[in-house]
Amino acid sequence: MRGLQEEGSSKWPSGAGRWRRGPWGRRGLEWDPLCSDTRSIWHVSPRRVLLLAWLTFTWAVQGTDSKMLGLGLAPQPRHRRQLGHGAWTHWGSWSACSSSCGDGASFRTRRCIRFPEEEPCKGKPRQYRVCELDDCPAGSIPFRTIQCSLYNGKPIMESQTQYQWVPFHGAPNLCDLNCLAVGHNFYYTFGRVLDGTRCSPESRDLCISGQCLRVGCDGILGSDAQADACGICNGKNESCIFVQQVFRAAFPSSGD
């Protein structure tokens with residue numbers, strides 16, 4: 001270090017480089033800024049080396065959780081929050097009945113409110129019930145018969161023959177509009193019957209959207225509600241009143 005001070009400067013030169021032997025002999029040294037290595041940089045500016053090391057470490061951990069920087073811990077996997085099903089709104093009001101007398105059906109709807117990540121609501125958005133209507137007057141035409149008669153005189157199957165149609169109840173699907181050609185031995189299916197049509201004359205079950213739905217004791221179509229032994233809808237056979245009496249009857253004499 002004395003040789004450096006003797007050759008002209010009492011301060012360290014700035015910048016990166018190293019000392020090399022000058023042309024004037026062994027004691028003469030000169031500063032070469034173009035010749036540098038890691039040891040000379042560390043020896044000249046240790047703060048710069050520390051800053052460079054810190055930046056290199058920061059770049060290496062980019063993309064990981066910010067809470068893990070500098071701690072030497074592996075980032076923990078993020079668990080997706082489990083969301084449930086959506087929620088139904090309240091039921092709307094019941095629609096008008098599909099018939100003006102006798103059997104008929106009305107419906108009401110509701111909406112499912114949910115976030116995109118949530119599952120759809122459980123249940124159905126539409127509900128049907130049996131209309132509570134008075135019996136149709138005597139001699140009234142049944143609802144299914146009216147639907148078949150709408151096709152009277154209309155050609156079918158590219159035939160110009162005009163047929164008269166009446167309901168046919170021997171087809172497999174009870175909720176198809178199966179109509180028998182009067183005076184002929186064939187029937188034709190004109191699609192589905194209208195909602196609220198009886199599945200068969202002997203049943204109270206009604207057709208809805210092409211399906212025969214059972215009428216529950218609560219009046220809801222497709223409901224599993226049943227009356228218990230006491231006559232209570234969805235009851236538990238706990239409301240019955242048991243009456244125990246002794247009956248005595250006097251048989252009339254035969255006159256003998």
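**Close-up views of a predicted model**

Q162 is exposed, with a relative accessible area of 61% (exposed means over 50%, buried under 20% and partly exposed in between, with a 1.4 Å probe and protein chains only). This is a predicted model, in which local features need pLDDT of at least 70 and side-chain atom pairs count only at pLDDT 80 or more, while totals for chains, interfaces and linings use all residues. Residues are numbered from 1 along each chain as its sequence is written, and side-chain values use heavy atoms, with hydrogens and water left out.

**View 1. Q162 sits in the loop between α4 and β7 (165–167).** Helices (H or I, at least four residues) and strands (E, at least two) are DSSP runs, numbered from the N terminus. Look for Y151 as well: Q162 and Y151 are 11 residues apart in sequence, and their C-alpha atoms are 9.4 Å apart in space.

**View 2. The whole protein chain, for orientation, has four helices and 12 strands.** Of its 256 residues, 21% are buried. The accessible surface comes to about 20,200 Å², and 53% of that belongs to carbon and sulfur atoms (areas come from the Shrake-Rupley method with a 1.4 Å probe; for residues, only the protein chains shown count as cover). Take the contacts with a separation of 6 or more: residues 24 or more positions apart account for 34% of them, a contact being heavy atoms within 4.5 Å.

**View 3. Strands β8 (residues 176–181) and β9 (residues 187–192) run antiparallel and are joined by four bridges.** Two strands pair if DSSP finds at least two bridges between them. N178 has T189 as its bridge partner in β9. The two strands make a hairpin with five residues between them, and in the turn G183 has a positive phi of about 85 degrees. On to β7, which runs antiparallel to β8 and is joined to β8 by three bridges. Here P167 stands opposite C179 in β8.

**View 4. Three strands make an open sheet in the order β10-β11-β12, with antiparallel pairing.** β10 and β12 stand at the edges with a single partner strand each, so one side of each has no neighbour in the sheet. Two bridges join β10 to β11 (residues 206–208), and T197 stands opposite C207 in β11.

View 5. For background, most residues other than glycine have a negative phi. S209 lies in the loop between β11 and β12 and is partly exposed, with a relative accessible area of 40%. N234 is found in the segment after β12 and counts as exposed at 52% relative accessibility.

**View 6. The largest pocket has a volume of about 570 Å³.** Of the 26 residues that line this pocket, G102, D103, P142, F143 and R198 are the closest to its centre. A pocket here is found on a 1 Å grid over the protein atoms alone: an open set of points where a 1.4 Å probe fits, with protein on both sides within 12 Å along at least five of seven lines, and lining residues have an atom within 4 Å of a point. Grid points are joined across faces, edges and corners, and the volume is the space filled by probe spheres set on the points. α4 (143–149) and β10 (197–198) each supply at least two lining residues, and α4 gives the most, with four. The lining divides into 12 nonpolar, nine polar and five charged residues (Ala, Val, Leu, Ile, Met, Phe, Trp, Tyr, Cys and Pro count as nonpolar, Asp, Glu, Lys and Arg as charged, and the others, Gly among them, as polar).

**View 7. The second largest pocket holds about 290 Å³ of space.** It is lined by 13 residues, with K124, R126, Y128, L213 and L221 nearest its centre. β6 (126–130) and β12 (211–213) are the elements that give two or more residues to this lining. The largest share, three residues, comes from β6. By type, the lining of the second largest pocket has six nonpolar, four polar and three charged residues.
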